[in-house]
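I opened my notebook on this one to keep track of what I looked up. The entries below follow the order in which I went through the model.

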Amino acid sequence: MQGDDILMTMEQRLAAQRHAFLRDGAPTIAQRKAALRRLRSAILAQRGALTAAVSADFGHRSPYETDILEILVTVQAIDYLLRHLKRFMQPERRHVALPYQAGRAYVQYQPKGVIGVMAPWNYPFSLTFIPLATALAAGNRVMLKPSELTPRTSQLIETMLAALFPADEVAVVTGGPDVGAGFSTLAFDHLVFTGSTAIGRQIMQAAGKNLVPLTLELGGKSPAVVAPGALTARTVNSLVFGKLSNAGQTCIAPDYLLLHQDDVENFIALYDAAVKAFYPDGPTSHDYGAIINDRHYHRLQDLLTDAQARGARIVPVGHRPDSAAERPKTLAPTLIVGAPDDSRIMQEEIFGPLLPIRTYAAFDEAIDVINAGPRPLALYYFGPGGPLQDRLLARTTSGNVSVNATLLHFAQDDLPFGGIGPSGMGAYHGIEGFRALSHAKGVFIQSRWHFTDLLRAPFGKLADAVLAFMLRRR
């Protein structure tokens, strides 16, 4: 189909979902829970097919990584919504000021209508299904646009959901960048986008034409800070897990490390040992992933080349197989020491297994480095609680924080997950996710008597007395 025909088809699907929503009204809690349980059962039934499809799309990805970072977190999110949905849906009583206390006020959370979800390629399953589950829990209809860079996974998602839901409840739209561009122009009641900051700006501009509210989950350069004296094997193991899971293709992966200047060589030795333990066959290890495509693979190589040309020290780590044994599109873990601020690797989000190290002499220098850049999606601190941790958290602003861990804040279902500024806007997970995809309708119900009975024309002494009482100085 041509571009105009594709857009027309998407508009027709949106119109069908909106018509069904207006026809049927908000689903009951029983209907919402039934939809979530169907989704959960289908995920577990298709577990093997999902891990195989994701691995095929990447060229190789460990099924354990997909199980843990995609399927497990999605099932946990659905379980969380099932447990808390009744509480989320209940009207929330609100305070009524003294002059109006003959009445009552509450907030009613109702579905917005039709939610659009644009999912990325790096976690093509969880970052599609968690927003989907949240939208269904909030009582909405959903249109999904998965990434064209993971076509096998996208096709499997489309087949799965077509077997679970009618098209006027959940619909999947597949296609390339032109389809994605058209999708972002549709007049949804809310649009959820996960992807790069650059594309996020385009999505926001397109959605703005229809005043579509947005949840943008973007990225950026998320720092990891190791306090002086806090460099341990456990710290390094956590950094290896966070940096090298999915070969670094994670929006909340540590993007660069802030380390005390006296700890650099010790860190390199510990990181090298940890990478060897995690991946005993080097980049050909079964649990080490490939880069999604040739374009991103060459982009990462260019980052290394630019850093080296600008005087950075390139430090290979882990076991290195001979070239004949290398897996296509696989980039070995690498440390970069001393890359200048204007190098590409210190300016761009890396999204790969490369970890630049920047040193500080005094701890406040690390805070200054973070605050000199755009606000990140994630911040990691390794060290003891107390003044340093408190100062770092108080003086920096980021989407979320993990202390003495990496990535794990994403798995906390009761915490909101989202960015700020260039790393995103809005949040999902937790009650914040439910509310983001709901309309908070304020309702005031007045009793038979109302104080405005005393404030109506013709005004006079009674009105003067009432106003004097209400506007008195405290």
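**Entry 1: the largest cavity**

I began with the lining of the largest cavity, whose residues split into four nonpolar, three polar and one charged. This is a predicted model, so I read every value here as computed. Which residues line this cavity? I noted Ala77, Tyr80, Leu81, Ile130, Thr134, Asp413, His429 and Gly430. Two elements, H4 and H5, each give two or more residues to that lining. H4 has the largest share, with three residues. For the volume I wrote down about 70 Å³.

**Entry 2: the second largest cavity**

I then asked how many cavities of 30 Å³ or more the structure holds. There are two. The second largest cavity contains about 40 Å³ of space. Around it I found Gly220, Lys243, Gly248, Thr250, Cys251, Ala253, Pro254, Asp255, Glu349 and Phe351. By type, I sorted that lining into four nonpolar, three polar and three charged residues.

Phe351 made me stop, as its phi is near 60 degrees, a positive value in a residue other than glycine. I located Phe351 in the loop between helix H12 (344–347) and strand S12 (354–360). Is Phe351 buried or exposed? Phe351 counts as buried, because its relative accessibility is 15% and the cut-off for buried is under 20%.

**Entry 3: another positive phi**

While on backbone angles, I also looked up Asn404. Its phi is positive, about 60 degrees, although Asn404 is not a glycine. Asn404 sits in the loop between strand S14 (400–403) and strand S15 (424–425). With 44% relative accessibility, I logged Asn404 as partly exposed.

Next I turned to the second largest pocket, which has a volume of about 290 Å³. It has 19 lining residues, and those closest to its centre are Leu69, Val73, Leu407, Phe410 and Ala411. Where does the lining come from? Helix H4 (63–89) and helix H5 (126–137) each supply at least two of its residues. H4 gives the most, with five. I counted the lining by type as 15 nonpolar, four polar and no charged residues.

**Entry 4: two single residues**

I picked Arg83 while I was still on H4, the helix in which it lies. Arg83 is exposed, at a relative accessible area of 58%. I also checked Arg83 against Lys33: they are 50 residues apart in sequence, and their C-alpha atoms are 9.5 Å apart in space.

Is Thr51 buried or exposed? Thr51 is buried, because its relative accessible area is 11%, and that falls under the 20% cut-off. Its side chain reaches the backbone oxygen of Gly48 at 2.9 Å. Setting aside neighbours within four places in sequence, I listed Pro63, Thr66, Asp67 and Ile71 as the contacts of Thr51.

**Entry 5: the nonpolar cores**

I wanted to know which members of the largest nonpolar core touch the most others. Out of its 73 residues, they are Ile252, Leu257, Phe267, Tyr271, Leu335 and Ile345. Helix H10 (residues 264–278) provides the largest share of this core, six residues. Apart from it I found another core of 40 residues, including Val75, Leu85, Phe129 and Ala133.

Beyond its neighbours within four places in sequence, Leu257 is in contact with Ala224, Val226, Leu239, Phe267, Leu355, Pro356, Ile357 and Arg358.

**Entry 6: the whole protein**

Last, I stepped back to look at the protein as a whole. I recorded 16 helices and 16 strands. The C-alpha atoms fill a box of roughly 90 × 60 × 40 Å along the principal axes. What percentage of the 474 residues counts as buried? The value is 53%. Among contacts with a separation of 6 or more, 75% come from residues 24 or more positions apart.

Conventions:
Residues are numbered from 1 along each chain as its sequence is written. This is a predicted model: local features need pLDDT of at least 70, side-chain atom pairs count only at pLDDT 80 or more; totals for chains, interfaces and linings use all residues. Side-chain values use heavy atoms; hydrogens and water are left out. A nonpolar core is a set of buried Ala, Val, Leu, Ile, Met, Phe, Trp, Tyr and Cys residues joined through side-chain atoms within 4.5 Å. Buried means under 20% relative accessible area, exposed over 50%, partly exposed in between (1.4 Å probe, protein chains only). Helices (H or I, at least four residues) and strands (E, at least two) are DSSP runs, numbered from the N terminus. Contact means heavy atoms within 4.5 Å. A polar contact is a pair of N or O atoms within 3.5 Å; within protein, one must be able to donate a hydrogen and the other to accept it, and residues adjacent in sequence count only if both atoms are side-chain atoms. On a 1 Å grid over the protein atoms alone, a cavity is a set of points where a 1.4 Å probe fits but cannot get out, and a pocket is an open set with protein on both sides within 12 Å along at least five of seven lines; lining residues have an atom within 4 Å of a point. Grid points are joined across faces, edges and corners, and a volume is the space filled by probe spheres set on the points. Ala, Val, Leu, Ile, Met, Phe, Trp, Tyr, Cys and Pro count as nonpolar, Asp, Glu, Lys and Arg as charged, and the others, Gly among them, as polar.
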